[in-house]
Amino acid sequence: MNIQTNFSLKNYNTFGIDAKAKQFVSASSIDELKEVLTANNDIFILGGGSNMLLTQDIEKLVVHVNLKGRDIVEENDDFVIVKAQAGENWHEFVLWCIDQNFGGIENLSLIPGNVGTTPIQNIGAYGVEIKDTMYSCEALNLKTLEIKTFTNEQCKFEYRESIFKNELKNQFIITSVCFKLTKKNHKVSTTYGAIETELQQQNVQNPTLKDVSNAVIAIRQSKLPNPKELGNSGSFFKNPIITKEAYEKAKALHPEMPHYAVSQTEVKVPAGWLIEQAGFKGKRFGDAGVHKNQALVLVNYGTATGKEIVGLAKNIQQTVLDRFGIAIEAEVNII
Ligand code: EPU
């Protein structure tokens, strides 16, 4: 393995922040990961770099998880269990599944990042989350160097949350993920408004997996910036979940505030709406900005530092709190 020093992470984070790693190594097998972990105890694990904001250089050994491969581990006439290694690019994996006519993750097309990080924040889009199809995942315990299998239930998935972001934070490296997908009678999910509209525009009556994927790709491309062209990490904030009472209070002052029911007692409010109403959509401050088509997404126009982007995020959070009495939390990991 080739350990590099003073290594720029600019091409390893979708925000395109030019922070440096004191040391950097890319591990392509579990044995290599174990070797690195045995020799070093202060490491930073890097996956696809699509959900983090680097605000400083990393004075550690950065270990890039680069395990590759996809296998069918089990199948019958109706279902297949597919295992993808952590370093597989997520979108390429989704497209491969669609090509094999395996259904269940097509709504998650075009999400940046790698397979191994998808369970950590239970990625979700257009009415579907990873928890709906994730069968199990394997993870390497950083201390014992043993591989442990986590079932879907053990991952404790919630909206953009899992055990790996909470109780087990920084204790495991996810090495592979298994998905249980349909081989026939696919249950395509088109209930998310924008998908239906997109399919109608394309005159599609009985959408295939590919049709749904194409619709999602079209919607994402119209709203979300391509990280290769404009640095970003997707939604920077989570949509806040607040009590019905808090919602009623805010709504009395802002009757047009949208919301979605989450439970009997809680509602979710789109943070994009709050940020847009607070006047930030499309605003640019130096090279840090708020995307013009989706206010949830913060962007790096070129040379913004992580600290500048965090400064903008704090300004947004405070303004939204002052104006609506609602706290919005970052979704992105701030390093
Ligand atoms: N809205 C605005 N202004 C904006 C953006 C949104 O008013 O600039 C309001 C609109 O009322 C809109 C509503 O927010 O109807 C919802 O917007 P959208 O459908 O774009 O979804 P979102 O809640 O803003 C979430 C996810 C996205 C995911 C989309 C589609 C989170 C934090 N974000 O965004 O996920 O693609 O739904 O399912 O839950 C990501 O996590 O990186 C991500 C892009």
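This is a predicted model: local features need pLDDT of at least 70, side-chain atom pairs count only at pLDDT 80 or more; totals for chains, interfaces and linings use all residues.
View 1. A polar side-chain atom of Lys 281 sits 2.9 Å from a ligand oxygen, counting as a polar contact any pair of N or O atoms within 3.5 Å. Tyr 159 brings a side-chain N or O atom to 2.7 Å from an oxygen of the ligand. Numbering runs from 1 along each chain as its sequence is written, and side-chain values use heavy atoms, with hydrogens and water left out.

**View 2. The shell around the ligand.** There are 25 residues around the ligand, and Tyr 126, Tyr 159, Tyr 192, Lys 223 and Glu 276 come nearest; to be in the shell, a residue needs a heavy atom within 4 Å. By class, the shell has 12 nonpolar, 6 polar and 7 charged residues. The ligand lies between domain 2 (70-223) and domain 3 (231-334), because both give residues to its shell; the bounds come from an automatic or database domain assignment.

**View 3. Who lines the second largest pocket.** Its lining has 33 residues, with Thr 14, Pro 112, Asn 226, Pro 227 and Lys 228 nearest the centre. A pocket here is an open set of points on a 1 Å grid where a 1.4 Å probe fits, with protein on both sides within 12 Å along at least five of seven lines, and lining residues have an atom within 4 Å of a point. The lining divides into 10 nonpolar, 18 polar and 5 charged residues.

Terms used
Ala, Val, Leu, Ile, Met, Phe, Trp, Tyr, Cys and Pro count as nonpolar, Asp, Glu, Lys and Arg as charged, and the others, Gly among them, as polar. A polar contact is a pair of N or O atoms within 3.5 Å; within protein, one must be able to donate a hydrogen and the other to accept it, and residues adjacent in sequence count only if both atoms are side-chain atoms.
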